Amino acid sequence: MTENAFGPDVVTAVAAHMNEDHTEDSLMIVRTLGDTPEATAAELFHVDATGVDFKVTVGDDERAVRVPFSRPLTERGDIRQELTRMSAEAAAALSGPARTED
């Protein structure tokens with residue numbers, strides 16, 4: 001495994017923010033972009049330059065689902081932009097409202 005471009009403090013902060021404030025966005029992303037439409041819960045646990053990993057509940061099972069970013073990320077601010085893009089893309093796929101604010 002290659003070294004993560006984002007330190008553990010960034011990973012922890014992104015995970016906390018998504019898991020506390022954007023649980024529905026995470027679930028939409030996993031269901032559509034993560035090709036797991038049967039998911040009932042999703043918890044972000046890792047982010048790196050090329051994608052984001054979620055712990056996903058499907059029935060009585062939990063599994064990891066990786067959703068790749070559209071491009072490699074180099075800056076912390078890129079993570080927010082990419083997760084917002086993913087949320088909008090997932091919402092469009094589900095014909096639902098996209099997240100517009102933090």
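Predicted model: local features only at pLDDT ≥ 70, side-chain atom pairs only at ≥ 80, totals over all residues.
Biologist: What makes S1 and S3 the edge strands?

Modeller: Strand S1 (41-48) and strand S3 (61-68) each pair on one side only. The open sheet runs in the order S1-S2-S3. Its pairing is antiparallel. Neighbouring strands are turned by 25° against each other on average, direction ignored.

Biologist: How do you know that S2 and S3 pair?

Modeller: Two strands pair if there are at least two bridges between them. Strand S2 (residues 51-58) and S3 have 8 bridges, in the antiparallel sense. Therefore they count as paired. Val 52 of the chain stands opposite Val 67 in S3.

Biologist: Which residues have the most contacts inside the largest nonpolar core?

Modeller: Val 14, Val 52, Phe 54, Val 56 and Ile 79. That core has 27 residues. Helix H1 (8-21), helix H2 (23-32), S1, S2, S3 and helix H3 (76-94) each give two or more residues to it.

Biologist: What does Val 56 touch, leaving out residues up to four places away in sequence?

Modeller: Its contacts include Val 30, Ala 39, Ala 42, Arg 63 and Val 65.

Biologist: Why are H2 and H3 called roughly perpendicular?

Modeller: Their axes cross at roughly 65°. Angles of 65 to 115 degrees count as roughly perpendicular. H2 and H3 are therefore roughly perpendicular to each other. The axes come within 8 Å.

Biologist: Which residues of H2 make the contact with H3?

Modeller: Asp 25, Met 28, Ile 29 and Thr 32. On H3, the partners include Leu 83, Met 86 and Leu 94. H2 passes H3 in a left-handed crossing.

Terms used
Residues numbered from 1 in each chain as written. Heavy atoms only, no water. Helix = DSSP H or I, 4+ residues; strand = E, 2+ residues; numbered from the N terminus. Axes fitted to C-alpha atoms, helices over the stretch in contact; angles between N-to-C directions. Core = buried A, V, L, I, M, F, W, Y, C linked by side-chain atoms within 4.5 Å. Buried < 20%, exposed > 50% of the residue type's maximum accessible area, 1.4 Å probe, protein only. Contact = heavy atoms within 4.5 Å. Parallel < 35°, antiparallel > 145°, perpendicular 65-115°, else oblique. Left-handed = near helix turned anticlockwise from the far one by under 90°.
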